[in-house]
Amino acid sequence: MGFILMYDITNEESYNAVQDWATQIKTYSWDNAQVILVGNKCDMEDERVIPTEKGKHLADQLGFEFFEASAKENIQVKQVFERLVDIICDKMSESLENEHAAASGGKNLRFTDSNPPLQQKCSC
């Protein structure tokens, strides 16, 4: 349900492949799959060839959230995974709420709303 699409900020070829990978994800994955674009190796600033703004712009074009990280130096790695989980959970909750609203005849109930107690007519 989620993808981390990563390119190397020191390698233009990996950046150029993002568009193709995004197309593959959209073509072959679930309709509601969530994607975060990550520019990796932000610890290698001296060797950077892809500016941060260029990565942000591509993410905006594709409708993805954007991070820069360093797997080697453990910079922003936890935040990327936590954000992806948050996005997936938000979309799942949204989907469930929409299904619940449709099943309840259009009433917009929240999951925390409780149903009225059942009246039992029992002679036991």
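**Close-up views of a predicted model**

**View 1. Ser70 is buried, with a relative accessible area of 0%.** Here, buried stands for under 20% relative accessible area, exposed for over 50%, and partly exposed for anything in between, using a 1.4 Å probe and protein chains only. This is a predicted model in which residues are numbered from 1 along each chain as its sequence is written, and local features need pLDDT of at least 70. Side-chain atom pairs count only at pLDDT 80 or more, while totals for chains, interfaces and linings use all residues; side-chain values use heavy atoms, with hydrogens and water left out. Ser70 sits in the loop between β3 and α4 (77-103); helices (H or I, at least four residues) and strands (E, at least two) are DSSP runs, numbered from the N terminus. What does the side chain of Ser70 make a polar contact with? The partner is the side chain of Asp43, at 2.7 Å. A polar contact is a pair of N or O atoms within 3.5 Å; within protein, one must be able to donate a hydrogen and the other to accept it, and residues adjacent in sequence count only if both atoms are side-chain atoms. A polar atom of the Ser70 side chain also lies 3.0 Å from the backbone nitrogen of Glu73. Leaving aside residues up to four places away in sequence, Ser70 touches Asn40, Lys41, Cys42, Asp43, Ile75 and Val77, where contact means heavy atoms within 4.5 Å.

View 2. Beyond residues up to four places away in sequence, Glu68 touches several others, among them Tyr7, Ile9, Gly39, Cys42 and Gln76. Glu68 also joins Glu45 and Arg48 in a network of salt bridges. A salt bridge is a side-chain nitrogen of Lys or Arg within 4 Å of a carboxyl oxygen of Asp or Glu, and by this rule the count comes to eight.

**View 3. Lys41 and Asp8 form a salt bridge, with their closest N and O atoms 3.0 Å apart.** The pair links distant parts of the chain, since Lys41 is in the loop between β2 and α3, Asp8 is in strand β1, and 33 residues separate them. Are the two partners buried or partly exposed? Lys41 is partly exposed at 30% relative accessibility, whereas Asp8 is buried at 13%. For those who like to check backbone angles, phi of Lys41 is near 75°, a positive value in a residue other than glycine. Asn74 is another such case, with phi near 55°; Asn74 is found in the loop between β3 and α4 and is exposed, with a relative accessible area of 56%.

**View 4. A salt bridge joins the side chains of Lys54 and Glu12 (3.4 Å, N to O).** Lys54 belongs to helix α3 and Glu12 to helix α1, so the pair ties together parts that are 42 residues apart in sequence. Lys54 is partly exposed at 33% relative accessibility, and Glu12 is partly exposed at 38%.

**View 5. Glu82 and Lys78 meet in a salt bridge through their side chains (3.8 Å, N to O).** Being four residues apart in helix α4, Glu82 and Lys78 are separated by about one helical turn. An α-helix has 3.6 residues a turn, so residues three or four places apart point the same way. Glu82 is partly exposed with a relative accessible area of 40%, while Lys78 counts as exposed at 56%.

**View 6. Helix α2 (residues 18-28) has buried residues Val18, Ala22 and Ile25.** Why do they lie on the same side of α2? They cover an arc of only 60° around the axis, which puts them on that shared side; the arc is that of the directions from the helix axis to the C-beta atoms. The buried residues of α2 pack against β1 (2-8), α1 (12-16), β2 (34-40) and α3 (52-62). On the face turned away from this buried side, α2 carries the exposed residues Asp20 and Tyr28.
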